[in-house]
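Here are my notes on the model you sent over. Have it open while you read, and take the points in any order you like.

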Amino acid sequence: MPVFFRSRAGRQCLSVIALGVTLWIAGATLGFSDWLAAFVTDFARYGADKLILALGIGGAMSFVYSVLRIVDLRSEMELRARAQAKADWTATHDHLTKLPNRYAFERKVLRRKPTDDDGEEWAGNVTVFCVDLDGFKKVNDLIGHNGGDALLVEVSKRICAIGNADCVYRFGGDEFLILAIGLSSAAEERFARLLIQAVTRPILINGFAVEVGASIGYDRWAEDSEQLEATAHRADLAMYEAKSRGPNHYLAFEETMRDKVATRASLEAKLRVAIQKKAIRPFYQPLIDLRTGGVCGFEALARWTDEEGVSIPPIVFIAIAEETGLITALFEDLLAQACRDALTWQDSITLSFNVSPVQMEDKLLAARILKVLSANGLPPQRLEIEITENALIQDPASAAAILDDLHEAGVQVALDDFGTGYSSLEQLARYRFDKIKIDKSFIATYRDDERQEKIVRAMFGLGRSLNIATTAEGIEEHRQLSNLIQLGCDIGQGYLFGKPMPAEETCAFVSNQTAIKVAG
Ligand code: C2E
Ligand code: MG
Ligand code: MG
């Protein structure tokens, strides 16, 4: 049956034709035409013939009018269908890269692709790859948003050139999702490597050759038993795990990743509450002037014991605070507490405070620090901030501006964990530091290793020739201490002198240390 007659309009047209034919037959059977002829003849003088003619013409006009309306209606419907299709496309595609978006993926239903007549087999398994660019934000800052857009377009073209363009989605920001069909486990790995190679090749934008990395996670769709979105979620978890291992890693999903994410999510929730309730407190580890044996400062180290009494290491919660943007609130709160505690010490004792690398991206950092100092009444000269080498490489220009502002206000700056980051010497040449803190890993091992000892000796020499005071971290034994004094180390820190302690114990510690100094 033609398509038209299957539509509602077609069915109505058929009914009207059928009704017309029935009436015609009935009229013919009942002699209606003879009756009409007699009626026209009898009433001709009253204009019956003209009336019949008018009715005929009226009917014909109505028919023409209906046809015209139908034509109009059809073109209106076509317009609406086109607008609908456009709206549909807009809702399901990304305007920049023209790739389908997350919504299109949510609507996607994979159909069976039978390879034989009975249609029982799949054409192949489906693997979902989740790709997130590494370092995109930095590139965006460097070449501007238009440049960033051009980069995303190029990356999407490169990804499409590997896979099937129909199956590449942009999930917003710098995240892409790819459906690949029929890959074996080995081919999945190869595919992930190919993706990384494609994305990491330099891209020329406005005369700049820019490079980004890619973190990739993937997993297979469990065909009938689940929605594609569940697979995409697992691929996403694998991608996050890959990202945590540094740029350009790929990983297949493993069940343990789910547990890790759940633990992390609950820790993040607890951290938010802890920061709100000010449950994280600074402890203080003494810094000893090795020439006099007296306390010359305390380093504030964050301590958090959760409601179940479990102590969570700062390395763990500081990393979460950095990732979630909670670091600024945590930092300001801890610094304020530490300033108040420092006011209970003698004026000669400085407060050392760690600043995390993420904070160096905050152009207002110097202003924030100075505001907390003035709100709590601690002179800037009594504060020393500790930054690691990695904090300086992200955005050297902004780091230099922050350090200059702090120096100008009188705050001292120490280079923490010296020797563990990269480009240590470059940092020393570029910035002005008041102190370098040699990392505890050197102090723990240098006496067993001749080469290591030479390096540590050279570090102290470097400090002397640049006229920068040196601190040795992690001093645990007397033998280490006497060696470090011989090497000309200025300040010592470590369990040998004292572990990080609560504020209430610091004043007693200073008095005891003074007593030891006097007795010695
Ligand atoms: P860091 O700034 O290098 O601090 C020194 C770390 O070495 C501290 O670990 C301290 O407890 C430990 N330590 C000191 N003496 C010894 C010793 O003799 N032997 C050994 N084995 N370890 C010693 P902690 O408190 O676990 O802190 C670890 C890191 O977490 C710190 O390294 C710092 O980078 C970061 N951190 C701690 N508190 C804060 C904070 O309030 N803000 C920021 N941004 N980072 C913090
Ligand atoms: Mg430190
Ligand atoms: Mg350190």
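Where do K454 and E450 lie, and how many residues apart? That is picked up in point 4, after some ground rules.

1. Ground rules. This is a predicted model, in which local features need pLDDT of at least 70 and side-chain atom pairs count only at pLDDT 80 or more, while totals for chains, interfaces and linings use all residues. Residues are numbered from 1 along each chain as its sequence is written, chains are lettered from A and ligands numbered from 1 in the order in which they are written, and side-chain values use heavy atoms, with hydrogens and water left out.

2. Layout. The protein splits into domain 1 (3-92), domain 2 (102-110 + 121-253) and domain 3 (263-519); these bounds come from an automatic or database domain assignment. Between the C-alpha centres of domain 1 and domain 2 there are 58 Å.

3. The metal site. D416 (OD), D417 (OD) and E473 (OE) coordinate the magnesium ion (ligand 3) at 1.8 to 2.5 Å. Donors here are N, O and S atoms within 2.8 Å of the metal (3.2 Å for Na, K and Ca), and since water is not among the atoms, sites may look incomplete. The donor spacing in sequence reads D-D-x55-E. D416 also bridges to the magnesium ion (ligand 2), with 4.0 Å between the two ions. D416 is buried at 6% relative accessible area, whereas D417 is partly exposed at 22%. (Buried is under 20% relative accessible area, exposed over 50%, partly exposed in between, using a 1.4 Å probe and protein chains only.)

4. Salt bridges in a helix. The whole structure has 31 salt bridges, each a side-chain nitrogen of Lys or Arg within 4 Å of a carboxyl oxygen of Asp or Glu. Back to the opening question: K454 and E450 both sit in helix α17 (residues 450-465), four residues apart, about one turn of the helix. Their closest N and O atoms are 3.7 Å apart. K454 is exposed at 53%, and E450 is exposed at 58%. R457 and E453, also four residues apart in helix α17, pair at 3.0 Å. (Helices, H or I with at least four residues, and strands, E with at least two, are DSSP runs numbered from the N terminus.)

5. K437 and E299 form a salt bridge at 2.9 Å between the closest N and O atoms. K437 is in strand β14 (residues 435-438) and E299 in strand β9 (residues 295-305), so this pair ties together parts 138 residues apart in sequence. Both residues are buried.

6. A network. Salt bridges also link R264, E268, R272 and E323.
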